[in-house]
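Please keep the sequence and the 3D view open while you read this note. Each point takes up one topic.

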Amino acid sequence: MRDALGEVQSVVVLGGGSDIGRALCVRLAGGRCDTVVLAGRPEDGMDEVESAVRAAGASDVQQVHWESTAPDTHQQVVDEIFDRVGDVDLVYVPAGILGSQEAFDADPAFAAKAVEINFAGLVSSCLAVANRMRAQGHGTIVVMSSVAGVRTRKDNFVYGSTKAGLDAFAQGLGDSLVGTGVQVMVVRPGFVHTKMTEGMDAAPFSTTADQVADVIVGGLASGREVVYAPPLLKYPFAVFRNLPRMVWRKVAERG
Ligand SMILES: NC(=O)c1ccc[n+]([C@@H]2O[C@H](COP(=O)([O-])OP(=O)(O)OC[C@H]3O[C@@H](n4cnc5c(N)ncnc54)[C@H](OP(=O)(O)O)[C@@H]3O)[C@@H](O)[C@H]2O)c1
């Protein structure tokens with residue numbers, strides 16, 4: 001249960017090796033968060049995240065095997081985590097791959113895999129989490145969408161469409177949980193400097209994992225349902241999402 005000031009005391013990360021996840025957990029561990037469960041693939045860099053989170057002050061840090069493409073396991077994995085932790089304040093969901101549109105075009109099966117990782121596997125996982133949070137009567141699920149899903153572009157529309165689907169799912173899940181004590185927050189970052197974007201040219205208004213973590217912590221404190229990172233991106237994307245397609249194509253071509 002969050003403390004009297006609303007600070008998170010326990011967090012589960014689905015995608016435990018994520019750079020943004022690490023920044024968020026370090027930030028939370030520097031506050032009142034003592035329990036951190038990193039759920040991901042064994043090769044996922046979770047040892048480094050665990051060290052950083054322990055150094056930041058969390059004493060109860062566990063690693064759990066969770067694979068986005070194994071939906072049959074999701075309720076069981078989530079049940080085991082909740083049974084072990086007892087009370088989970090926050091489930092943060094950063095798992096995902098970016099991929100390139102060229103790679104998806106060349107290998108349609110890879111595109112389907114991205115849909116599985118970024119969307120289908122997170123749907124089953126979040127529904128499993130919602131079942132447990134509904135039963136405990138409180139908690140927040142934070143889902144990583146992207147501005148790429150607000151208006152898809154031709155140069156990354158497979159990735160963008162996985163995020164659009166996930167974003168719509170998360171909003172619907174949040175609506176379905178009203179009155180249960182459980183909230184869902186959708187995070188829509190622009191370009192973030194992490195291992196996911198390593199070697200890529202930064203887009204305008206690029207940001208860092210620490211800055212995204214600050215936006216998430218601020219959103220949790222104020223009970224926001226949707227946040228952009230950086231926050232000012234909400235203004236251009238409010239316009240972009242409503243542009244006629246002919247105009248959007250020209251805007252998107254300019255980058
Ligand atoms: N970085 C950006 O510019 C940006 C912008 C907008 C939105 N986002 C979104 O924010 C989230 C976090 O991004 P990030 O920058 O922190 O990326 P990241 O460091 O690459 O983290 C993504 C995590 O997802 C995990 N993952 C991938 N496939 C998986 C699978 N099949 N099962 C379980 N875990 C899997 C990765 O583990 P492995 O190492 O094992 O692959 C990795 O730990 C992502 O959803 C991303 O799409 C990022």
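This is a predicted model: local features need pLDDT of at least 70, side-chain atom pairs count only at pLDDT 80 or more; totals for chains, interfaces and linings use all residues.

1. Ile141 of β5 is the bridge partner of Val91. A second pair sits along the strand: Val93 stands opposite Val143 in β5. Both pairs belong to the contact between β4 (residues 90-93) and β5 (residues 139-144). These two strands run parallel and are joined by four bridges.

2. Which strand pairs with β5 over six bridges? It is β6, and the pairing is again in the parallel sense. One link to find is Met144, whose bridge partner in β6 is Val187.

3. **How enclosed is β5?** Is β5 largely enclosed or left open? Six of its six residues are buried, so β5 is largely enclosed by the rest of the structure. A residue counts as buried when 20 or more other C-beta atoms lie within 10 Å of its own. Both faces of the strand are covered. Gly139, Ile141 and Val143 point to one side, while Thr140, Val142 and Met144 lie on the other.

4. **The whole sheet.** Now step back from β5. Seven strands form an open sheet, in the order β3-β2-β1-β4-β5-β6-β9, with parallel pairing. The edges are β3 (60-65) and β9 (226-229). Each edge strand has a single partner, so one of its sides has no neighbour in the sheet. On average, neighbouring strands of this sheet are turned by 15° against each other, direction ignored.

5. **Helices across the sheet.** Helix α6 (residues 157-176) lies across β5 and β6 (182-189) and runs at about 155° to β6. Helix α7 (residues 209-222) lies across β5, β6 and β9, at about 160° to β9.

6. **The chain as a whole.** The protein chain holds nine helices and nine strands. Its C-alpha trace spans about 50 × 35 × 35 Å along the principal axes. Does the radius of gyration agree or disagree with that of a compact globule? For 255 residues, such a globule would have a value near 18 Å; the chain has 18 Å, so the two agree. Buried residues make up 41% of the 255. Among contacts with a separation of 6 or more, 69% join residues 24 or more positions apart.

7. **Around the ligand.** The shell around the ligand has 28 residues. Gly17, Ser18, Ser68, Gly96 and Thr194 come nearest. Which helix gives the most to this shell? Helix α1 (residues 19-29) does, with three residues. By type, the shell divides into ten nonpolar, twelve polar and six charged residues.

8. **Two backbone details to check.** Most residues other than glycine have a negative phi, and most peptide bonds are trans. Phe205 has a positive phi of about 60°, although it is not a glycine. Phe205 is in the loop between β7 (192-193) and β8 (207-208). With 15 C-beta neighbours inside 10 Å, Phe205 counts as partly exposed. Pro230 sits in the loop between β9 and α8 (234-240).

How values were computed. Residues are numbered from 1 along each chain as its sequence is written. The radius of gyration is taken over C-alpha atoms; the globule rule is 2.2 Å times the number of residues to the power 0.38. A residue is buried if 20 or more other C-beta atoms lie within 10 Å of its own, exposed if 12 or fewer, and partly exposed in between; C-beta atoms are placed from the backbone. Two residues are in contact if their C-beta atoms, placed from the backbone, lie within 7 Å. Two strands pair if DSSP finds at least two bridges between them. Axes are lines fitted to C-alpha atoms, for helices over the stretch in contact, and angles run from 0 to 180 degrees between N-to-C directions. A residue is near a molecule or strand if its C-beta atom, placed from the backbone, lies within 6 Å of it. Ala, Val, Leu, Ile, Met, Phe, Trp, Tyr, Cys and Pro count as nonpolar, Asp, Glu, Lys and Arg as charged, and the others, Gly among them, as polar.
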